[in-house]
Amino acid sequence: MGDSAEQNPKASSSSSYNDAKVDGLSSSGTTTADKIVHKRQKTCLQVATNVTEQKHHVTREMRGRNLGLCRGFRGCTIWLTGLSGAGKTSIAFELEAHLVARGIPAYGLDGDNIRTGLNKNLGFSQVDREENIRRVAEVAKLFADSGVICICSFVSPFAEDRDMARKIHKDADLKFFEIFVNTPLSVCESRDVKGLYKKAREGAIQGFTGVTQAYEAPEHPDLKVETENLSIKESTAKLLDLLVKNNIIPDFVREEAPIVELFVPTHRKQAAMEEAKTLPSLNISNVELQWLQVLAEGWAQPLKGFMREHEYLQVLHFNCLINETENIRDNMSVPIVLSASEADKKRLEGYSSIALYHNNEPVAIMRKPEFFFQRKEERCSRQFGTNNGNHPYIKMIHESGAFLVGGDLEVLDRVRYNDGLDNYRLTPNEIRFRLKAMKADAVFAFQLRNPIHNGHALLMQDCRRQLLERGFQNPVLLLHPLGGWTKDDDVPLPVRMAQHQAVLDAGVLDRETTLLAIFPSPMMYAGPTEVQWHAKARMNAGANFYIVGRDPAGMPHPDKSLYPDGNLYEDTHGAKVLSMAPGLDSLEIIPFRVAAYDKKASRMAFFEPSRKEDFEFISGTKMRGFARNGELPPTGFMEPKAWKILSEYYQSLKK
């Protein structure tokens, strides 16, 4: 809430403030800031002498060229003032996270934090409170001079002190923005997270701003934010608008624009359908249709179609796409490509547009197609770390055409499967809209292609707990099962969706704070490389936290004798790679310890090495064995109704 520690039972009254305010000061030819400094010199501080300011070798222009992904000098100070509980710190930290995630250096200075460190030797007399603000202003000036956007959240109730902070920056030729977080006293008091207003009303705290201490509201702030009817994100958006207007940050850093979709506009749809029927055609497979859906709905933004060669090479060798206009790298770890045979290449090369067909129906137009040779061994070795033809997705690559063809897409219509699950197939824009309607202030996503057992639920429950402890009011889970192609021995999507619904119906996961939707991507089983794709796609859907468990996107090695554990990928590498991956900066990765069955407690729990004999790891193979044989798993492993759905599926395979 910002400097709430300034309220103290020993704080001086407003009358003592007025006495100190005029002590020894002359009113002629002296600025407010000069008076305050003069007063401190007389009352409590020893002034340093024989001091000469030293000039830096690094200019602000040099800092601007070399710091951050978004080039340019952006140093300034944003000073949020308002009553305790107004929302200053929440807005400050939200703004800090938003800017840093987009490559702009920013740092939040909070009143309580400063009081526990830099200014812990200051009390709550009026002189000390003024010195508290002066020191913060000087520190903020240094941050700003270094090219950082310094975000200060302090009650700072007196205009005199805030004027001094502004002057310190003006004298250094640095921009200073005073933000009045204008939340009514009644609202602040109703929030009262720390119970300070209650203590002040009971008389336990004297000199509490807004109750027994005056607050001088800014008369001409650079921005006034009314938080009573705004979310933290909406309040933060107003600050971002201010920074854009004053040329501190580029426009694209503001809250994300809608994800760009590749569908033909409604008014052109009929003409595009007719055009497609006149163009030379290329047939695409079921899996390629799923990738077309991924592209069309914007999961792979900024891609505008199947990859051309220069995009394919960037992805294959750097796991990134270079955004040339903003000098930013977008994470893209997997090739999204369309194969073509040598005969297709000879037939279609040279055309400015071709139509893509699936099941004898046109689904898209590809503009300016570009054909290039597919070196399958290189692709597989880089993407999967192996070229073993018994890997299910590698097998598909080996069986595909010798060439790849890339180009911009105009997709004629949304892909529909008419399987009763289309209402779960939400686009990134639709998911963002739903999350906003749910008033989510944090979104944590969980990727899964398997049924949910109570170990998975434990990860999701604990993630929500952590986010609540960090101050978020309404964290929402994006429960996002993969809905594209999977290998033959995985549980089919309809069974998994019914099982997930049973978990929600039983209250294992809270339906009110969970959004269940289908992620349309095919599964590649490419381990840490594919994990980045899963995270990036959820980031496009509005997630800002991502749960990573054990061996995400992994599978047994086709040659199980090659590694001691028999797996293709080391089971902790997915989480480690995600924590280092470039281009995922706005997504916080939340790794967890592995969950296992605690035999003593008869429930799933986080594994404790100190009592490893009490835990049992129930593998997918073992779980499938229980289901096929009609056996019940250990009590507490999975919600019973959800297990019944899974067991009936495996029993049907036996029949």
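**Notes on contacts and burial in the model**

1. With a relative accessibility of 33%, Arg268 counts as partly exposed (buried is under 20% relative accessible area, exposed is over 50% and partly exposed lies in between, using a 1.4 Å probe and protein chains only). Its partner in a salt bridge is Glu410, with the closest N and O atoms 3.3 Å apart (a salt bridge puts a side-chain nitrogen of Lys or Arg within 4 Å of a carboxyl oxygen of Asp or Glu). Glu410 belongs to strand E13 (residues 403-411), while Arg268 sits in the loop between helix H10 (232-245) and helix H11 (269-276), so this pair ties together parts that are 142 residues apart in sequence.

2. A word on what you are looking at: this is a predicted model, where local features need pLDDT of at least 70 and side-chain atom pairs count only at pLDDT 80 or more, whereas totals for chains, interfaces and linings use all residues. Residues are numbered from 1 along each chain as its sequence is written, and side-chain values use heavy atoms, with hydrogens and water left out.

3. Now the overall picture. The chain has 23 helices and 21 strands (DSSP runs numbered from the N terminus, with helices being H or I of at least four residues and strands E of at least two). Of its 655 residues, 53% are buried. When contacts between residues at least 6 apart in sequence are considered, 74% join residues at least 24 apart (contact means heavy atoms within 4.5 Å).

4. The structure holds 33 salt bridges. One of them joins the side chains of Glu178 and Arg162, at 2.6 Å from N to O. Glu178 is in strand E4 (residues 175-181) and Arg162 in helix H7 (residues 159-171), so the two tie together parts that are 16 residues apart in sequence. Glu178 counts as buried because its relative accessibility is 8%, and Arg162 is buried too, at 2%. Both belong to a network of salt bridges that links Arg162, Arg166, Glu178 and Asp222.

5. Lys167 and Asp171 form a salt bridge with their closest N and O atoms 2.7 Å apart. Both residues lie in H7, 4 residues apart, about one turn of the helix. An α-helix has 3.6 residues a turn, so residues three or four places apart point the same way. Lys167 is partly exposed at 27% relative accessibility, while Asp171 is exposed at 56%.

6. For the aromatic side chains, the whole structure has 18 aromatic pairs (Phe, Tyr and Trp rings, six-membered for Trp, with centres within 6.5 Å; planes under 30 degrees apart are stacked, over 60 edge-to-face and the rest tilted). Phe180 and Tyr215 make a stacked pair, 6.1 Å centre to centre with 25° between the planes. Phe180 is in strand E4 and Tyr215 in the loop between helix H9 (196-201) and strand E5 (223-225), so the pair ties together parts 35 residues apart in sequence. Phe180 and Tyr215 are both buried.

7. Which residues make up the aromatic cluster? Trp291, Trp299, Phe519 and Trp533 form it. Arg538 lies over the face of Phe519, 4.0 Å from the ring centre (a charge sits over a ring if NZ of Lys or CZ of Arg is within 6 Å of the ring centre and within 35 degrees of the ring normal).

8. Located in the loop between strand E15 (475-481) and helix H19 (493-505), Lys487 is buried, with a relative accessible area of 14%. Beyond its neighbours within four places in sequence, Lys487 is in contact with Pro392, Tyr525 and Met555.

9. Lastly, helix H21 (residues 573-580) has Gly574, Ala575 and Leu578 as its buried residues. Viewed down the axis of H21, these fall within an arc of 95°, so they line one face of the helix (the arc is that of the directions from the helix axis to the C-beta atoms). Their cover includes helix H20 (527-540), strand E17 (545-548) and strand E18 (588-591).
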